[in-house]
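Let us take a friendly walk through a protein chain, one piece at a time. Have the picture ready and turn it as you read.

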Amino acid sequence: MIAHHFTIDVEEYFQVSAFESRVARSAWERLESRVVGEVARLLELLARHEARATFFVLGWVAERQVELIRTIAHAGHEVASHGWDHARVTHQTPLQFRESIRRSKGVLEDITGAPVLGFRAPSFSIVRGREWALDILIEEGYRYDSSLFPVRRPGYGYAGGRPDPHWLARPAGSIAEIPPTTLHWCGLHVPAAGGAYLRLLPYGVVRAGLRQCERRGVPGTFYVHPWELDPAQPRVDVSWLTRVRHYGGLRWTAQRLERLLTEFRFTLVRDTVAALLDARVVDRKRSVGVYSAPAAEAVW
Ligand SMILES: [Zn+2]
């Protein structure tokens, strides 16, 4: 039975990119923090289903919630990086990006005492033309990325990207890419990875996406945010569309996660990356030459 990836982008409800124009970073300190209670609900849910998850944590949150990050790690989950303050890669210079991922890695490693191997860009913002971020991740010691969402969406998405875990050969070296899951349907790649898609689309879309992964013999990657389990979070005055995307279906999230955790098995992304590394070693011994393959060749 394939074990998929249950991933969580740990951030406060007011840090989402869609609220950027409404909630200034300078106001963050004054807003009510709700992430501890929200993550506690997720940890209880995961423990009850004996599932292990990968938490991509903002450095800003980790610095203020040290005990929470320790609790996540002690429960056997993986702690990875979501950058420092939710700045999107599309809004950063290479230097700003490097500082953000170096600082968050350092803080998370100091707290957990374990290496941080993975990164997910805020709002999947490693888009075409921003691949330099992958080189910086390699240079800063990251082993995998989970930011290339192979869909076409305004503001994000890596259209044409491979849908399954694979190695990316870059000028700085190689890095494993663990893309969020898409459902292949009528020639389209439909986002089926979680988040708003879990809340606003029928549950069957996410399930079908993961079942397709199983038929291909690869793990799928699901994601959710702590604030998606918090229907009582304070409301921010935003446009109608943003309201639907952020607040729509919040009351379904918990029961849909229960169902997902009942129907599927989940493991850590770092375990998949270790398996990918083994596959690459085997492949090199056979002289198949994964490194000589085109830049985005899958080895799974
Ligand atoms: Zn985020």
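## Strands side by side

A hairpin of two residues connects β6 to β7. Keep in mind that this is a predicted model. Strand β6 (residues 166-170) and β7 run antiparallel, and five bridges join them. Within this pair, W167 sits opposite A176 of β7.

Strand β7 has another partner as well: β5 (residues 144-145) pairs with β7 (residues 173-177) in the parallel sense, over two bridges. Here D145 has E177 in β7 as its bridge partner.

Elsewhere, strand β1 (residues 3-10) and β10 are parallel and share four bridges. H5 is found opposite T221 in β10. The table sets these strand pairs next to each other.

| Pair | Direction | Bridges | Source of the pairing |
|---|---|---|---|
| β6 and β7 | antiparallel | five | joined by bridges |
| β5 and β7 | parallel | two | joined by bridges |
| β1 and β10 | parallel | four | joined by bridges |

Which residues of β10 are buried on its two faces? T221 and Y223 are buried on one side, and F222 and V224 are buried on the other, so both faces of this strand (residues 221-224) are covered.

## A helix and its cover

Now look at helix α4. It has 19 residues and reaches 27 Å from its first C-alpha to its last, close to the 27 Å expected at 1.5 Å a residue. The buried residues of α4 are F97, S100, I101, S104, K105, V107, L108 and I111. Their cover includes β2 (54-57), α2, α3 (66-74), β3 (78-81), β4 (118-119) and α5 (132-139). Just after α4 comes G113, with a positive phi of about 75°.

## The nonpolar core

The largest nonpolar core has 71 residues, and V10, F55 and V57 touch the most other members. Helix α4 (residues 94-112) gives this core its largest share, five residues. In soluble globular proteins, nonpolar side chains tend to be buried together.

What does V57 touch, leaving aside residues up to four places away in sequence? The list is V10, A62, I69, V79, S81, H82 and L108.

## A buried glycine

G59 belongs to helix α2 (residues 59-64). Is G59 buried or exposed? It counts as buried because it has 22 C-beta neighbours inside 10 Å, and the cut-off for buried is 20 or more. Not counting residues up to four places away in sequence, G59 touches G83, W84, R103, S104 and V107. Between G59 and A80 there are 10.0 Å in space, C-alpha to C-alpha, although they are 21 residues apart in sequence.

## The whole chain

Stepping back, the chain has ten helices and eleven strands. Its radius of gyration is 18 Å, close to the 19 Å that the globule rule gives for 300 residues, so the chain is as compact as a globular protein of that length. Along its principal axes, the C-alpha trace spans about 55 × 40 × 40 Å.

Of the 300 residues in the chain, 44% are buried. Among contacts in the chain with a separation of 6 or more, 75% are between residues 24 or more positions apart.

Definitions and conventions
Residues are numbered from 1 along each chain as its sequence is written. This is a predicted model: local features need pLDDT of at least 70, side-chain atom pairs count only at pLDDT 80 or more; totals for chains, interfaces and linings use all residues. A nonpolar core is a set of buried Ala, Val, Leu, Ile, Met, Phe, Trp, Tyr and Cys residues joined through C-beta atoms within 7 Å. A residue is buried if 20 or more other C-beta atoms lie within 10 Å of its own, exposed if 12 or fewer, and partly exposed in between; C-beta atoms are placed from the backbone. Two residues are in contact if their C-beta atoms, placed from the backbone, lie within 7 Å. The expected span of a helix is 1.5 Å times one less than its number of residues. Two strands pair if DSSP finds at least two bridges between them. The radius of gyration is taken over C-alpha atoms; the globule rule is 2.2 Å times the number of residues to the power 0.38.
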